[in-house]
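Hi,

Here is the structure I promised to pass on. Have a look at it first, and then read my notes below.

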Amino acid sequence: MKRLNNLYYSKRIKELLAELQTAGTTLVVAPMGYGKTLAVQYFLQEQERCGKRVLRQSIYGAGAEAFWQGVCHSWQNTELGAALLQQSLPADANAKTLVLELFRQLLPQEPVYWFIDDLHLLESSEVIDFLFALSKAGFADLHLLLVSRGQIFDGSRLLELGRKVFCLDKHDLALQRDELAEYSSRCGLQLTTQQLDALHEACEGWFSVTYLNFLNYDRYQRFCLDTGSVYEMIANVLLRPLPSEQQRLLLLMGQPEEFTPEQVAYAYGTSCRESVGRLLECNAFIIRLANGRLRCHHMLKQATRHAFGLLPEAEQQMYFRRLGQWYAQQKEYEEALDWLYRGRDFDGLLAAVQQLRDWSMHPQHRQHLFDWLCECPPEILWQYPQAVLIIMRRMFSLNMVPEMLQVKEWYVTALERNTALSQRERDNYYGELEVILSFLAFNSITGMSEHHRCAYKLLSGAPQTLSKQGIWTFGAPSVLGLYLRTGCSLRQTVEDMQECMPPYYLLSGWHGAGAAELTEAEALLLQGRIDEMDMPLQKAYYQAEKHGQECITICCDFLEMQRDLFRGVYSSKADAYSRHQWQLQPWKQSMLLNTADMCAGFYYALLGKPEYIPSWLTDGNGQQPSVLYPARPCRNYISAQCLLAQGQYTELLVRWSDWEQECRPYSNFLCLLYLQVQRAAAFAGRGDVTSCRASLKQALAMAEADKLVLPLAQNIALLRPYLEQEAQGEYSAAAAAAAAALHLGQQMEAGRGQIMSARFAEAGLQELTEQELQIAQLAAARHTNREIAQRLSLSEGTIKQYLNKIFAKLQIDAAAKNKRHQLERFFSNS
């Protein structure tokens, strides 16, 4: 009896597969048709029989988003899965840190085998980076099985993983000569030695081609060893010999990535259960999945899709339409969209969109988003204003603003022509439109607020466009960095925020709570009114924590860190941020780790501890962690401050033009001011006096109207002589701003000196040699250089050199005038 569809695993293959039980990560890399998936599935079925947990994920497209959806689906119904749903694919070091921490904390306390198939279909380096990080972490109970036609990790990464990774390739999977003989015998074929030799030489152990030859031999008593294309071989052996009905059914099976027999029968349009069953029994290229669905092997899928494309267009559209309707009936609306579009069923398409309020969107939908509405007959479009609204929301997130504005006109027309809507429904739709249009007014507080107020009047409930869990600050640590648009507008900006945020709180359920109070506190800090900012800062903390607005809390911390520098108090929050000592919750967004890095980086730059600055803030390699586009100007001025702390003046000036340009689209005036001050400081660091004075004059002109002296004061170490010269000039607003900056800068230097001596005294003293310690003690006792030289029988020049080394080791600013006073305080504190 012939048993051609029986799977065959040799003793050698079984021994190789047994190694997977001890491997943290297994890479199975071979060309198509070598039985990669079947071999791993065989191993996993054995593990399931032993009670082990198995997760399976197949890759069906190139997009990183679809991959992450698959990850979340794989881990569904677990605590880890619930946490991963709140994240996106980690694209930077901080995001990887967070996701790996979630794995560490929430992995089930039992062995888990996670199988990811067809990685070669991905075109995302971020996915491979994530899988490498997961492999490198080496969680004891997690076994990662990765299957691909091409290389997954490069040689350097394989070397780094070492024994954490186990590799199988086509040479391991290929049928050897004796295995081919055993396989043919188990299939019930009686082959001669010459036939086996010829088959093994032609197929080179290629499992799928061997199987096709077995089928062909069984049917025609001959092998097809000279076929140029495996796809043509599949068509000749598996497709063309079938009756017409079974041919159509097999073509339909090859269209979806996964299918069920019921789905294929529905798409075909008549009762054909027996024909479907016969196809499944006699075709080993149709694989049954763990979820109960089936899928065609890629070779069969490609052959059937080519044949399907030769059908008349009207017939193709009919089948596409039925496939889409099937998915819609199963409430798999996202899966239905593309099929309904290809089947020209716009009624069904827009009805499916209306079910997708929290639409994550498949990559292919991005390409067709505008096409759907352009090609939809107007009389159908007008019946679905809610679907048009949802598409508009997605267009804004994709930065499709011109298309979005055109769709707005269609949306209004749809509302006006839909006579079935009640006035309440019509008002709600217009209210949602106002919420969406408010994003186009960013970063005009009053402009956005006009839309919010209109929306509040029109809506009968909470808008679906806004989410309280969204990051109100876009990842920026500074509210005024986002919303201060021009000079001479600080007071008005604070008042606008205080007036406009309460209506927004009512509309959004307290999204961004604390922002109004925070804006006032930041304005006072920028003007150097340190003691006046405490009350609004504490109010901001209270509101943010009360309403769970973590992004506002981080902004409060950013202000507190800067304030405490002036008070000589070391920030424990900076220490926690720099080490990511967060109380990680499943819903915490990884972007806020990048915000925390910016806070800590800026603080340590001002403190003069560049070794604590997160490296991504200054590396400039284009792979910086993500913040949303509106927050990039804030990230840039923080990076510039970090470069100044590291003495990378030329690097700052090289990048300055690009950073300055990124402040223009949203008129980020405060960020522009910081960059102008930092440019002057970089010129000062390079000794370019003329350029420094020119840049400083521009900065003073920007700062003088609103007395924004903080950026100048924070860079006093490099700008002191130039600010002194400006302050001593003819009286003007610029001269007053320079004088105020000098005064504030001296306060910061004094506070910084207290922190350095109190926090780092012991470590600094340990670095001093006996000679340096003796000189430091004499200098702290107010002995002059001459007196110290005479006492130690050294020259004054030598004493001066020693003192410069001492100041450097003790982190005492070499440009400060009160170095001896700081040294005295250093010894008293230690």
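Predicted model: local features only at pLDDT ≥ 70, side-chain atom pairs only at ≥ 80, totals over all residues.

The strands E2 and E3 pair in the parallel sense, over 6 bridges. Strands in a sheet are held together by backbone hydrogen bonds, in either a parallel or an antiparallel way.

Now zoom out to the whole sheet. It is open and has 5 strands, in the order E2-E3-E4-E1-E5, with parallel pairing. E2 and E5 (165-169) are at the edges with a single partner strand each, so one side of each has no neighbour in the sheet. From one strand to the next, the twist averages 15 degrees. Helix H6 (residues 125-137) packs on this sheet and touches E1, E3 and E4. The direction of H6 makes about 145 degrees with that of E4.

Next, find helix H2 (residues 36-49). With 14 residues at 1.5 Å a residue, H2 should span 20 Å, and its end C-alpha atoms are 20 Å apart, so the two agree. Its buried residues include Val40, Phe43 and Leu44. What do the buried residues of H2 pack against? Their partners are helices H1 and H8 plus strands E1, E2, E3 and E4. After H2 comes Gly51, with a positive phi near 85 degrees.

Last, look at H12 (residues 230-239) and H16 (residues 298-308). Their axes come within 9 Å and cross at roughly 80 degrees, which means H12 is roughly perpendicular to H16. The residues in this contact are 9 nonpolar, 1 polar and no charged. Among them are Ile234 in H12 and Met299 in H16.

Cheers

Definitions and conventions: Residues numbered from 1 in each chain as written. Heavy atoms only, no water. Helix = DSSP H or I, 4+ residues; strand = E, 2+ residues; numbered from the N terminus. Expected span 1.5 Å × (residues − 1). Buried < 20%, exposed > 50% of the residue type's maximum accessible area, 1.4 Å probe, protein only. Contact = heavy atoms within 4.5 Å. Axes fitted to C-alpha atoms, helices over the stretch in contact; angles between N-to-C directions. Parallel < 35°, antiparallel > 145°, perpendicular 65-115°, else oblique. Nonpolar A, V, L, I, M, F, W, Y, C, P; charged D, E, K, R; others polar. Pairing = 2+ DSSP bridges.
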